[in-house]
Amino acid sequence: MGEVSFHDVSKRFALRMDGELHHVQALDRVSFKVADGEIVALIGPSGCGKTTALRVAMGLDASTAGRVTVDGREVKGCGHDRGMVFQHAELLPWLNALQNVMFGLEMKGLRGGELRDTAEKYLALVGLSESKNRRPHQLSGGMKQRVGIARALAIDPSVLLMDEPFGALDAQTRESLQAELLDVHARTKKTILFVTHDLDEAVLLADRIVVMKHGRVHDIMEVPLKRPRGDLGIVRGTPEFAETRYKIWRELHDDTTVVH
Amino acid sequence: MADIADTQNKTAAAEAETPERRQTPRWIITLASVACLLIFWEIFGRDVNPVFGSYPSAIAVAFWELVVTGQLWSALFESLQPFFAGYLLAIVVGIPVGLVIGRFRTAEAALGIYITAGYAMPLVALVPLLILWLGLGFKVKVAVVFLMALFPICINTWLGVTAVPKTLIEVGKSFVAPDFVILRRIVLPATLPYIMAGVRLAVGRAVVAMVIAEFFTTISGLGAVIINSANNFDTATMFVPIIVLMVMAIGLNSLIGFVERKVAPWQAEIAGRDRE
């Protein structure tokens, strides 16, 4: 199970700028659903509220109106039913790769052999068994993010929430991690909701793409690519990929109200 | 992926090694600096009336006399007891208080001002009052050292907590870690470099506090050696405890640095010490 629903979620920030109080409508009646086992991408220009939506779903930020439910239960704060993958991995620098994965599991109450075995299993899932004793600064950017993914998956959440997980990586590493994420998804069937600003990534990975603008859901688009997607390099060459990518590109740029 | 990281590590190691080989070791530079100071002091110190000043060889002779008579060791032993009692108590109290003040805004609002004010407290002026409360003996000396060492440790810990990246705390929150666990397993290790800096700053303050306490309460320990030799216009002997204390502070500092590398090895690995 792992169904996420946004029901008319709104969030207002009060921001003090130059001594004046500004109200920012980060989210404006956002509603959409993510089905069990589905991969959904949240895309939009920066400041459109996509990261805020993800943080509200995680329980790190509270909405000012509306609610998010996971498997029918309303989100009130963080919970083990959701696993978060942060933009810059955010591993604890004093722990090695294995201990970082164990940290999340310990918080869930695992102890002893079960704790270690589970952590090792998920490190193996992301292909890092041999680097388990390295501390974060001894890992490359891509390896760090793999540990971040293993840490989130290890607690066996219903939903994986990812905040621009590959945004900080170089192009080659990003491509291999995208392929790996699809592989992990095929094996674990986790529901994944991820934020990205990368059109290619959204089309390559997601079943559906939620396009956000000015805190609102602008459009929700199906990606007409079947699973398993296979070699992502080949997928990039298909007319369906090009067409979907272009459609989203048009939607993102077709905005007369925004002056750049 | 592993290959890329390996190559990166290797190049980093190679880069670190090459300048290391060409550079003069730090201890040689330090030793040369100390030698220069001693030579100049020796040359020009001899021209000064021995009441108004002294010079290294005279101080060395005085040092030897204090060692042979056993006076130095008994004085040092007497001084170190309140010193370590007060200093360790300041660490034990200062770190948790700093962590709590830094982490919880209510604690910060309620207690922060006392810590900030306490740092600037004119302790010497309060010694007579402390004597009224605690007497002239061991207790009051511990209290003076404690009060001088507490605030730099506490303030540094507090500042360190406010500098912990918010996202690391969100990692704890997103895995549903309770406040206390976030404090102990995320905030404390992330704050360690600041804490250790505070513990180092406190060494100097604690040494000063110890001498103040020995001057103004029961005259004892190294403070007594200073006062007695000053009263006898024996300036060379007066310098002995002063130099012993300064050397001790240097020793403690490097001991703390050693402890820091043991408890927080990742810090030395991350932080670049690559300087001109």
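In the predicted model described here, A:S5 is placed opposite A:K33 of strand β2(A). The two strands concerned, β1 (residues 4-17) of chain A and β2(A), are paired in the antiparallel sense over 11 bridges. They belong to an open sheet of 4 strands in chain A, whose order is β2-β1-β4-β5 and whose pairing is antiparallel. The edge positions are taken by β2 (20-34) and β5 (73-74) of chain A; each has a single partner strand, so one side of each is left without a neighbour in the sheet. Helix α1(A) packs on this sheet, where it touches β1, β2 and β4 (65-70) of chain A, and its direction makes about 115 degrees with that of β1(A).

Helix α1 of chain A spans residues 50-58 and includes A:R55. This arginine counts as buried because 22 other C-beta atoms lie within 10 Å, against a threshold of 20 or more. When residues up to four places away in sequence are left out, A:R55 touches A:L60 and A:D61. A separation of 9.7 Å is found between the C-alpha atoms of A:R55 and A:C78, which are 23 residues apart along the chain.

A further open sheet in chain A consists of 6 strands in the order β6-β7-β8-β3-β9-β10, with mixed pairing. Here β6 (82-85) and β10 (216-222) of chain A stand at the edges with a single partner strand each, so one side of each lacks a neighbour in the sheet. From one strand to the next, the twist averages 20 degrees. Within this sheet, strand β3 (residues 39-43) of chain A pairs with strand β8 (residues 191-196) of chain A in the parallel sense, over 5 bridges. A:I39 is positioned opposite A:I192 of β8(A).

Helix α2 of chain A (residues 97-107) is mostly covered, with 9 of its 11 residues buried. Among the buried residues of α2(A) are A:L98, A:N100, A:V101, A:F103 and A:L105. The buried residues of α2(A) pack against α3 (112-125) and α4 (141-154) of chain A. Just after α2(A), a positive phi of about 105 degrees is adopted by A:G109.

The largest nonpolar core contains 134 residues, of which A:V101, A:L193, B:V145, B:A149 and B:A206 touch the most other members. Helix α9(B) gives the most to this core, with 18 residues. Not counting residues up to four places away in sequence, B:A149 touches B:G86, B:Y87, B:A90, B:A202, B:R205, B:A206 and B:A209.

Between the two chains, 21 residues of chain B are in contact with 24 residues of chain A. On the side of chain B that touches chain A, at least two residues are supplied by each of α1 (2-22), α8 (166-174), α9 (179-216) and α12 (265-270) of chain B. The most is given by α8(B), with 6 residues. By class, this side of chain B has 14 nonpolar, 4 polar and 3 charged residues.

For the complex, the predictor gives an ipTM of 0.90 and a pTM of 0.83. Chain B has a mean pLDDT of 88, and 90% of its residues reach 70 or more. Where pLDDT is low, the predicted coordinates should not be read in detail.

Definitions and conventions: Residues are numbered from 1 along each chain as its sequence is written. Chains are lettered from A and ligands numbered from 1 in the order in which they are written. This is a predicted model: local features need pLDDT of at least 70, side-chain atom pairs count only at pLDDT 80 or more; totals for chains, interfaces and linings use all residues. Two residues are in contact if their C-beta atoms, placed from the backbone, lie within 7 Å. Ala, Val, Leu, Ile, Met, Phe, Trp, Tyr, Cys and Pro count as nonpolar, Asp, Glu, Lys and Arg as charged, and the others, Gly among them, as polar. pLDDT is the predictor's confidence in each residue, from 0 to 100. Two strands pair if DSSP finds at least two bridges between them. Axes are lines fitted to C-alpha atoms, for helices over the stretch in contact, and angles run from 0 to 180 degrees between N-to-C directions. A nonpolar core is a set of buried Ala, Val, Leu, Ile, Met, Phe, Trp, Tyr and Cys residues joined through C-beta atoms within 7 Å. A residue is buried if 20 or more other C-beta atoms lie within 10 Å of its own, exposed if 12 or fewer, and partly exposed in between; C-beta atoms are placed from the backbone.
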